[in-house]
Protein chains: 2
Amino acid sequence: MKWEDLADQPCSIARSVAVIGDRWTLMILRDAFLGVRRFEAFQTRLGISRTIITARLKLLVDEGVLAKIPYQDRPVRHEYRLTQKGLDLYPVVMSIVHWGDRHYAGDAGAPLLHRHKTCGCDFAPVMTCSECHAPVGAREVETRAGPGAV
Amino acid sequence: MKWEDLADQPCSIARSVAVIGDRWTLMILRDAFLGVRRFEAFQTRLGISRTIITARLKLLVDEGVLAKIPYQDRPVRHEYRLTQKGLDLYPVVMSIVHWGDRHYAGDAGAPLLHRHKTCGCDFAPVMTCSECHAPVGAREVETRAGPGAV
DNA sequence: CACCTAAGTTCAGTTTCTGGACGAACCATC
DNA sequence: GATGGTTCGTCCAGAAACTGAACTTAGGTG
């Protein structure tokens with residue numbers, strides 16, 4: 001199987017992974033959620049080749065995760081902003097952060113803290129059930145084929 | 001920046017992405033959560049080269065996400081099981097699934113349904129605040145340097 | 001004019017991924 | 001005891017992706 005074939009699988013993971021599932025794309029999304037918007041800023045912060053930045057930003061724009069918006073004319077310059085579809089990735093990014101905090105933070109603790117403005121507390125993300133609102137763990141879930149299965 | 005350097009960044013995303021941030025690793029984790037445990041099963045389901053399966057399983061075992069456990073002697077055979085650290089990735093996997101369901105499920109609907117055994121309902125994962133238990137969106141969060149920052 | 005910025009593109013060289021063949025260790029069957 | 005099957009890999013040549021560095025475009029600054 002090739003990377004492009006992933007997008008055609010009858011699996012939401014495969015289809016998502018085809019878009020966001022590589023190292024640099026996830027790092028770009030991290031920076032986007034931290035407010036980075038310009039090509040040069042992504043390149044400087046990540047320190048990777050401009051070719052890759054170009055390719056990844058293009059993919060994310062093509063997929064509607066980022067929008068390329070001009071912020072000045074003469075010369076025209078663009079910035080990359082998260083769309084609603086991009087903002088919907090927040091739980092993905094936060095759960096990755098949280099896993100890293102739990103398993104890779106050294107003695108010093110987490111590199112970043114997240115404050116929930118609504119309640120004013122530093123928080124950790126908790127995955128809950130949309131129906132009963134209780135926290136959900138892997139062992140409490142049963143998976144079965146849905147309407148979109150093959 | 002090279003891939004290996006990611007693990008040394010003062011960023012939980014980078015450190016996590018160094019472990020789980022590539023396409024095939026995420027697909028292997030998906031299958032692991034669906035109950036796949038054997039080398040041959042991963043290879044057959046994913047249809048990718050055995051070299052990659054070997055390398056990815058080794059990385060996940062080295063990182064303590066999977067455990068390699070013998071399930072028979074003569075000849076000795078192993079299976080790969082999620083450790084607690086691996087099970088902790090469930091929110092990551094589920095949030096990716098959910099994003100895919102929302103943005104890439106066709107008219108047919110989601111390929112897989114998830115039933116919360118505790119309450120008996122099919123559910124969607126909702127990210128909530130550990131402190132006030134309300135759902136959290138990207139715009140309601142403020143990020144700042146934590147104790148583990150450089 | 002010389003130099004600067006932002007956002008890319010181009011290119012040769014290196015690294016990584018790929019499919020397919022092969023190996024090792026055992027079991028079952030004829 | 002030769003053949004074939006199962007499971008879990010390794011090895012290799014070729015293809016694809018990534019890399020750093022230089023170059024381009026379109027304008028702005030002193």
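Modeller: His133(A) is partly exposed, because 14 other C-beta atoms lie within 10 Å. The cut-offs: 20 or more such atoms within 10 Å make a residue buried, 12 or fewer exposed, and anything in between partly exposed, with C-beta atoms placed from the backbone. This is a predicted model, in which local features need pLDDT of at least 70 and side-chain atom pairs pLDDT 80 or more, while totals for chains, interfaces and linings use all residues. Residues are numbered from 1 along each chain as its sequence is written, and chains are lettered from A and ligands numbered from 1 in the order written.

His133(A) sits in the loop between β5 (125-129) and β6 (141-145) of chain A. Strands are DSSP E runs of at least two residues, helices H or I runs of at least four, numbered from the N terminus. Its phi is positive, near 65°. Most residues other than glycine have a negative phi.

Chain B has His133(B), with a positive phi of about 65°. His133(B) lies in the loop between β5 (125-129) and β6 (141-145) of chain B. His133(B) is partly exposed, with 14 C-beta neighbours inside 10 Å.

A residue is near a strand if its C-beta atom, placed from the backbone, is within 6 Å of it. α5 (50-62) of chain A gives two or more residues to that surface, as do α4 (39-46), α5 (50-62) and β2 (77-82) of chain B.

DNA strand C also has 19 residues around it, with Arg38(A), Phe39(A) and Ser49(B) among the nearest.
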